[in-house]
Amino acid sequence: MTAVQPLQLLSPEGGASVEPPEGLDPERLLSLYRNMVRLRVFDRRALNLQRQGRINFYAPASGQEAAMIGSAAALEPQDVAYPTYRESGVCLQRGMSLRTMADQLFGNARDLVKGRQMPNHWSSREHNIVSISSCIATQIPQAAGTGMAQRFRGENAATICYFGDGATSEGDFHAGLNFAGVFRANTVFFCQNNQWAITVPVTRQTAAPSIAIKASAYGFEGIRIDGNDLLVVYKTVREALEKARSGGGPTLIEALTYRMGPHSTSDDPRRYRTEQEVETWRRRDPIERLQRYLEARGWIDAEQVERIAAEAKEEVDRAISEAEAVGPPEPETLFEDVYARPTPQLERERRELLDLIRRGVVSRVTHTPIRGS
Ligand SMILES: Cc1ncc(C[n+]2csc(CCOP(=O)(O)OP(=O)(O)O)c2C)c(N)n1
Ligand SMILES: [Mg+2]
């Protein structure tokens, strides 16, 4: 079967003659460019932090900045986002500070999820970002349900559901898209086809000519786009969200992109993919592509490029050194957030732990037995 060509606005050379889509004026484009740069700097530092043993895990986003920032930029504040562990850029674009993101990586006392999740599992009620599950595809039926609720309640809101190419082989993908189609949920399914599901290439994920084509079996539209083209990502997601909010039902968007780094810090991609493949995608770098476009339009100059990079580095350095200095959450917090009113058993356990800490049997900082006690 022949490959389905993705929609594209910005060619790898930058496409200077292309007008930006509605909603993206030069100022907004510059702010999206800035966020892509902030994300990449954060990403590199986070990877290094794990290599230095200062955090225990990280799943990098490098190469996928346009797909993340462009799609999240199209959201309205009332829209709900279901990201995966890789969508750090969605959190950033929705307004989460780098400081809050760094707090989560360290699982410190300021961490919104109180150190209970692995790094990369950001969530925030304030930013309408639902808790991330490590289990692949579980968020797909959940996001279908949220979109159904938005439709039933007549809300002027939509839900965006992120997942990878690997997630499309899970049963939850079928259940979620089927429900969304039948009940015309206000859900936009955004698949980042980054070519790999850890060691499994997308060619082994499906025999279909695209992932987008699967939408037709569920009775709605599927669109394949160039995920490294910020303009087409923004435009496509914005239109799909508008359609969902106005009762037009779901859309499946397949954004073709590439994971430039390892799957996570527990992976060595040199063992299963060629340097030549990586090099091909390096030439399609989403940040460089947008930068060439902004330069060609006269909306950015060399001095601004340098300043944005320097400011991002400074901000990331500050966020990380502050987060590292905070220290872990108080042990009492272990017992919070499970029940509105704690059960007698939880109360007993809480008192027991505090007693052990008071008597010096358990460390207050690490919550583990003190050697020799
Ligand atoms: C149900 C389930 N099966 C297997 C895993 C192990 N696992 C973690 S990430 C991953 C690959 C996911 O690939 P994809 O959906 O393409 O997302 P990407 O990591 O490429 O962004 C797998 C198999 C898991 N977390 N959950
Ligand atoms: Mg993938």
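A nonpolar core is a set of buried Ala, Val, Leu, Ile, Met, Phe, Trp, Tyr and Cys residues joined through side-chain atoms within 4.5 Å; buried means under 20% relative accessible area (1.4 Å probe, protein chains only). This is a predicted model, in which local features need pLDDT of at least 70 and side-chain atom pairs count only at pLDDT 80 or more, while totals for chains, interfaces and linings use all residues. Residues are numbered from 1 along each chain as its sequence is written, chains are lettered from A and ligands numbered from 1 in the order written, and side-chain values use heavy atoms, without hydrogens and water.

**View 1. The largest nonpolar core has 66 residues.** Tyr33, Phe42, Phe190 and Leu290 touch the most other members. Helix H1 (residues 26-51) supplies the largest share of this core, 10 residues; helices (H or I, at least four residues) and strands (E, at least two) are DSSP runs numbered from the N terminus. A separate second core of 22 residues includes Val80, Tyr82, Phe173 and Phe189.

**View 2. Three protein residues hold donors of the magnesium ion (ligand 2).** They are Asp165 (OD), Asn194 (OD1) and Trp196 (O), 2.1 to 2.2 Å from the ion. Donors are N, O and S atoms within 2.8 Å of the metal (3.2 Å for Na, K and Ca); water is not among the atoms, so sites may look incomplete. Asp165 is buried at 1% relative accessible area, and Trp196 is buried at 9%.

**View 3. Pro60 lies in the loop between H1 and helix H2 (65-73).** Pro60 is buried, at 4% relative accessibility. The C-alpha atoms of Pro60 and Tyr85 are 9.0 Å apart.

Technical notes:
Buried < 20%, exposed > 50% of the residue type's maximum accessible area, 1.4 Å probe, protein only.
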